[in-house]
Protein chains: 2
Amino acid sequence: MAGAEIEALIRQLAKLPGLGPRSARRIALALIKRRESMLDPLVRALTGAADTVKICSACGNYDSQDPCAICSDPRRDAKMICVVEDVADIWALERTAAYRGRYHVTGGLLSPLDGIGPSDLKIEKVVKRVSDDGVTEVILALAATVEGQTTAHYIAERLKPTGVAVSGLAHGVPVGGELDYLDDGTISAALKARRPV
Amino acid sequence: MAGAEIEALIRQLAKLPGLGPRSARRIALALIKRRESMLDPLVRALTGAADTVKICSACGNYDSQDPCAICSDPRRDAKMICVVEDVADIWALERTAAYRGRYHVTGGLLSPLDGIGPSDLKIEKVVKRVSDDGVTEVILALAATVEGQTTAHYIAERLKPTGVAVSGLAHGVPVGGELDYLDDGTISAALKARRPV
């Protein structure tokens, strides 16, 4: 159809999450058309990220520096760790600006069916951080799925000997959510955790 | 939030057609995570396309060679030109394998409201190709919109002195389409152009 290089570009773009062959073709064409304003800056951004981004050796976050900007920020509470599955979750929590402690990325969730056990995740490291750094509170901000809650329970059990306070995110009605559109499990959880107004 | 290089990458990705900040973040994270299998090959594909892809001086198609593979294929009918708005339309028509002539890309459609006149498009060039190359048939495969049909009429008028046969794509029920979901204009067009079974 198109030249070999265009086909190779479309194939690579179609591998990106959320993109299929149709959107990959559309993006490839836009990139080729706007070489100076789109393709060249994208190549620079990609190589820039590939050259500088590293994994924070303390928490597992991605940043241009190690330890990452969050771990090396003295204004952030080093006695508080929020455990998340993925770097995307750090970004989501940071956008809220509601949390001023540090993070720990597990790199996944326990899933016996997929053969993912505790040794595949960075769980021992959070236990070590809690004992070594005198952490006083751990927030388990993991998905409200079976895997997420299993992982949360496992981490809470492992943290018990340290005596640290462990909490999980509240379940309930999403802000802006209408009851009519919510699933039964969420409504039950919100009812159980009802609070005085 | 994330490092400057990650932010720059997300910004560039969000500029691509069909991507917003959320999908750009997701793609950036996937690229950083899978550097060897995704980021590096994508950079190679992008630079490969940037280095080799050119515009065919005959028809306006994108290819690694000039004239493009279609224009230089001796098995394709040089006496037939299909006029399209964009290279994406060439790709769409080529996927059908139903057309064996050559193409001509106008690079846009006439749109007085947006200040796009005949001189902004490659229309004179198709008239020149028809007279110079002894073309016997021109198919106007332009969008079934006001701009597309205006452009088609304009090109047909300009081609009249050459005596070439000019046709447009048929309007009708899309293959696999149900009448219930079609707009009135399409049903009227399909009725008017009804054919003996």
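Are α5(A) and α6(A) roughly parallel to each other, or oblique?

## Two helices in chain A

The axes of helix α5 (residues 124-133) and helix α6 (residues 146-159) of chain A come within 10 Å and cross at roughly 40°. α5(A) and α6(A) are therefore oblique to each other. Here, angles under 35 degrees count as roughly parallel, over 145 as roughly antiparallel, 65 to 115 as roughly perpendicular and the rest as oblique. Axes are lines fitted to C-alpha atoms, for helices over the stretch in contact, and angles run from 0 to 180 degrees between N-to-C directions. Helices (H or I, at least four residues) and strands (E, at least two) are DSSP runs, numbered from the N terminus.

A:Glu124, A:Val126, A:Val127 and A:Val130 of α5(A) meet A:Tyr154, A:Ile155, A:Arg158 and A:Leu159 of α6(A), where contact means heavy atoms within 4.5 Å.

## About the model

This is a predicted model, in which local features need pLDDT of at least 70, side-chain atom pairs count only at pLDDT 80 or more, and totals for chains, interfaces and linings use all residues. Residues are numbered from 1 along each chain as its sequence is written, chains are lettered from A and ligands numbered from 1 in the order in which they are written, and side-chain values use heavy atoms, leaving out hydrogens and water.

## Where chain A meets chain B

Now look at helix α1 (residues 4-14) of chain A and helix α3 (residues 35-52) of chain B: their axes come within 9 Å and cross at roughly 150°. α1(A) and α3(B) are therefore roughly antiparallel to each other. Among the residues making this contact are A:Leu9 and A:Leu13 of α1(A), and B:Leu42 and B:Ala45 of α3(B).

## The sheet of chain B

Chain B has an open sheet of four strands in the order β4-β3-β5-β6, with parallel pairing; two strands pair if DSSP finds at least two bridges between them. β4 and β6 (165-168) of chain B stand at the edges with a single partner strand each, so one side of each has no neighbour in the sheet. From one strand to the next, the twist averages 25°.

Strand β3 (residues 77-84) of chain B is joined to β4 (residues 101-105) of chain B by five bridges, and to β5 (residues 137-140) of chain B by four. You can find B:Cys82 opposite B:Tyr103 in β4(B), while the bridge partner of B:Cys82 in β5(B) is B:Ile139.
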